[in-house]
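Here is a short tour of a single chain, meant to be read with the model open beside you.

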Amino acid sequence: MVAPRSRPAIAPEAPRLPEELETATIEAAAVESGDEWRCVRIVEAELPDLAAPGLRFEEARLERVDVGGGRLAHLSLSDVELEGCNLANADVRGASAWRAHIARSRLTGVSWTEGLVRDAVLSDCRIDLSSFAATRFDQVIFERCLLMQASFQEAHLRAVRFVDCDLTEADLMDARFDRCELRGCTIDGIRGAERLRGVAMPWEDIVASVGTFAAAVGVKVLDDHR
């Protein structure tokens, strides 16, 4: 008898930050495309509607930084922590985040398409109406995030865990899930529920989501009692 294979751990690598970071200021008028910010701590920066593709933040901590509505294609976040930041409605297509922790931040309507998210934790974030179409996720945890109507069309999710997240009406069409977990999540009305084939869920969550799964395979509910 062959022993069942154990599931590899979902354990994103934490950001590698130096013990001390230099506090820096950043002003929209001085930011240029391709700028690199390294080993810095940036606090209370107001940069809405910033147009600066190719920005790079490495070994950095950003607190309450507002880039809402920005045009920041190919944004690069490497060994970073974001706390209370605003990326709502920002266009960061082609962006990458590697060894990142994003907490209590707003990403409503963000366009993070054709990008990469690796070794990352997103906790207590609002990410509704966002698009991660064709983005690759590897070793990522979403904790207590609002992901209503988020799009994961054609995304590839490998070793990703969703914990206590609201995925109501999320779009999973043509997404691929490999060694992923959903725990305590709401998945009412999701599109492409059949793409969750192979995802691991607690039994009580499966029972709570039976209506969603039945609709995905075309099972109809009888309204009589015979």
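## Charges and conventions

In what follows, Lys and Arg count as positive and Asp and Glu as negative, while His and the chain ends are not counted. The place of a charge is taken as NZ of Lys, CZ of Arg, CG of Asp or CD of Glu. With that in hand, the chain has 27 positive and 39 negative charges, and their mean positions are 6 Å apart.

Please keep in mind that this is a predicted model, in which local features need pLDDT of at least 70 and side-chain atom pairs count only at pLDDT 80 or more, whereas totals for chains, interfaces and linings use all residues. Residues are numbered from 1 along each chain as its sequence is written, and side-chain values use heavy atoms, with hydrogens and water left out.

## Overall build

Two helices and eleven strands make up the elements of the chain; these are DSSP runs numbered from the N terminus, with helices being H or I of at least four residues and strands E of at least two. Their order from the N terminus is β-β-β-β-β-β-β-β-β-β-β-α-α. The radius of gyration is 19 Å, close to the 17 Å of the globule rule for 226 residues, so the chain is as compact as a globular protein of that length. Here the radius is taken over C-alpha atoms, and the rule is 2.2 Å times the number of residues to the power 0.38. Along the principal axes, the C-alpha atoms fill a box of roughly 70 × 40 × 25 Å.

How much of the chain is buried? Of its 226 residues, 46% count as buried, where buried means under 20% relative accessible area, exposed over 50%, and partly exposed in between (1.4 Å probe, protein chains only). Among contacts (heavy atoms within 4.5 Å) with a separation of 6 or more, 10% are between residues 24 or more positions apart.

## Cysteines

A disulfide is a pair of cysteine sulfur atoms within 2.5 Å, and a search of the whole structure finds zero of them. For Cys 145, the nearest cysteine sulfur is that of Cys 125, 4.8 Å away. Cys 145 is buried, at 1% relative accessibility.

Cys 180 is in no disulfide either, and the nearest cysteine sulfur, from Cys 185, is 11 Å away. Cys 180 also counts as buried, at 1% relative accessibility.

## Positive phi angles

Arg 64 is not a glycine, yet its phi is positive, about 55°. You will find Arg 64 in the loop between β4 (56-63) and β5 (76-83), and at 37% relative accessibility it is partly exposed.

Ala 159 has a positive phi too, near 55°. Ala 159 sits in strand β9 (residues 156-163) and is buried, at 3% relative accessibility.

## Two loop residues

Which residues does Thr 135 touch? Leaving out residues up to four places away in sequence, its partners include Trp 112, Leu 116, Val 117 and His 156. Thr 135 lies in the loop between β7 (116-123) and β8 (136-143) and is buried, with a relative accessible area of 0%.

Pro 48 belongs to the loop between β3 (40-43) and β4 and is partly exposed, with a relative accessible area of 42%. Beyond residues up to four places away in sequence, Pro 48 touches Asp 66, Val 67 and Gly 68. From Pro 48 to Thr 212, 164 residues apart in sequence, the C-alpha to C-alpha distance is 39 Å.
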